[in-house]
Amino acid sequence: MTTAAKPSKLIKGATGDWEIVVGMEIHAQITSHSKLFSSASTSFGGDPNSHVTLVDAAMPGMLPVINEECVKQAIRTGLGLKAKINHRSVFDRKNYFYPDLPQGYQISQFKDPIVGEGEVIVDVSASEQIIVGVERLHLEQDAGKSLHDQSPTESFVDLNRSGVALMEIVSRPDIRSAEEARAYVTKLRTILRYLGTCDGNMEEGSLRADVNVSVRRPGEPLGTRCEIKNVNSIRFIGQAVDVEARRQIAIIEDGGKIDQETRLFDPGKGETRSMRSKEEAHDYRYFPDPDLLPLEFDQAYVDELAKGLPELPDDKRARFIAEYGLPPYDAGVLVMERESADYFEAVARGRDAKMAANWVINELFGRLNKEGKTIATSPVSAQQLGTIVDLISAGTISGKLAKDLFEIVWSEGGDPNVIVEERGMKQVTDTGAIEKAVDEIIAANPEKVEQAKAKPTMLGWFVGQVMKQTGGKANPEAVNTLLKQKLGI
Amino acid sequence: MSVDQATVRRIAHLARIAVRDEEVPHLQEELNAILSFVEELSAVDVSGVEPMTSVIPMSLPLRKDEVSGHAGADVVTRNAPGAEDHFFTVPKVVE
């Protein structure tokens, strides 16, 4: 909070510069088979009220029993955020009434969360990293789902999500722009997916963000914030920050003041709107849930979980730079998804790592994006791409033919070695054959030969002709050398 | 510590309990009687005493992550005042 405002992050208002301050509460659905306090399934998209036990429906006398896997997932996530793990935490009741909350309260953690302070290293751009502090992570229950468009007079309630375990991850107000907000959520999502503690699927609501936005003059104390609830895509998070900051600046510059309130982002209209209906209910009267004892474990329990953690994205990125000599940006792109990083390593192992990185990032990722596929559904396996890289390194095929080969493997599959053999794609390195083609071209074009002697850039034309005659298979270096010799340039 | 009539109305509202105006003075009296009774506890010095969470020394029981016990949508919605197509139905709540 004490750090000076970065001039590049400021935005211009009518009366001068403004700094945006953003803090976020991310609700991440824990990856588990069953719910936090009941044995109902957590799988997405079941028939209405089919994944509901009598506990989730809050029938009288039902008691919550905590799912140990959810506890472990929260600890793993805390470790991944380099955060303090609290060996004793307490569950509280957060009291409010809403039709999708049959208990009349949400079981959450208020005073004593399972995870304390940590941090996330955020890659904002190829040249800028920032650190966003994590204030806490706590366990809580998700609510059910209300549908408002099924009937003109009634809301429909489905309790399938009711009781599913969530981690609420609260950041410090360390974010200064829409771009940083997007980068923070992107990085947090990457970490959660590496850890396997949340699938990060924003379309299915596994990851939602409440975004707190305020503005201030550089160097001044924090302004009044507004909370934008339940933003469900990374792009919308960025838009919501920009739109809300602009709205606040306009109000203050007009001599008004900001009311602290909860707002909703409408992506269609590109505006935020007040959610006045929930405002007066902001007295949650938290108290320790008498149905649940404090959650306690020792350091040995934490250490055991730490041993099982995978290599995390920051460590992997550092290793890719050191071990494979990759530029930091390329390394960052490769470690965004664990599957991509594994794929790259399978291609790079024992080969030219930079060439492998180029092929994975430029050819493969480019193609996957274009076709809306992921690394998991890639038609080209790491082994196939590795073989292509081998063929280039060995000089068997040229870089240009390698791209054709990639296309064939992409659409038809098969062993690249066999394809090269069967379709005669091998680069001709046999000087005799190339020489023959060169001689023929020179003999057939005497006037061009004369021109080339005066103007050496004509060489390109000859290279093209030779390549054409050899079906693109001639080694370009050999063609160049021979032509220069024979043309005397 | 005591509560005034506005607080009584507010507590009733938060708990979604309908309270008629003529009931408020009586409830205020009852609540204040309870509060003064409980207030006697504040005579005890509890500084440095851990809050007791259980009368017997036991820790929070943990459950394995296994799926079971779905009641079935028919059973879940059986006692609901309103249900349709296995959904609960409630008077429209729109934000």
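How many residues does the contact take from chain B and from chain A? The contact (heavy atoms within 4.5 Å) takes 38 residues from chain B and 50 residues from chain A.

Before going further, a word on the basis: this is a predicted model, where local features need pLDDT of at least 70, side-chain atom pairs count only at pLDDT 80 or more, and totals for chains, interfaces and linings use all residues. Residues are numbered from 1 along each chain as its sequence is written, chains are lettered from A in the order in which they are written, and side-chain values use heavy atoms, with hydrogens and water left out.

Back to the interface. Chain A and chain B bury about 3,800 Å² between them, 59% of it on carbon and sulfur atoms; buried area is the accessible area (1.4 Å probe) that two parts lose on being put together, summed over both. The count of salt bridges between the chains is one: Arg10(B) pairs with Asp283(A), the closest N and O atoms being 2.5 Å apart. A salt bridge here is a side-chain nitrogen of Lys or Arg within 4 Å of a carboxyl oxygen of Asp or Glu.

Now to chain A, where three strands form an open antiparallel sheet in the order β6-β5-β16. Strands are DSSP runs (E, at least two residues), numbered from the N terminus, and two of them pair if DSSP finds at least two bridges between them.

| Strand | Residues | Detail |
|---|---|---|
| β6(A) | 105–108 | edge strand, pairs on one side only |
| β16(A) | 287–288 | edge strand, pairs on one side only |
| β5(A) | 92–95 | four bridges to β6(A), antiparallel |

Within this pairing, Arg93(A) stands opposite Ile107(A) in β6(A).
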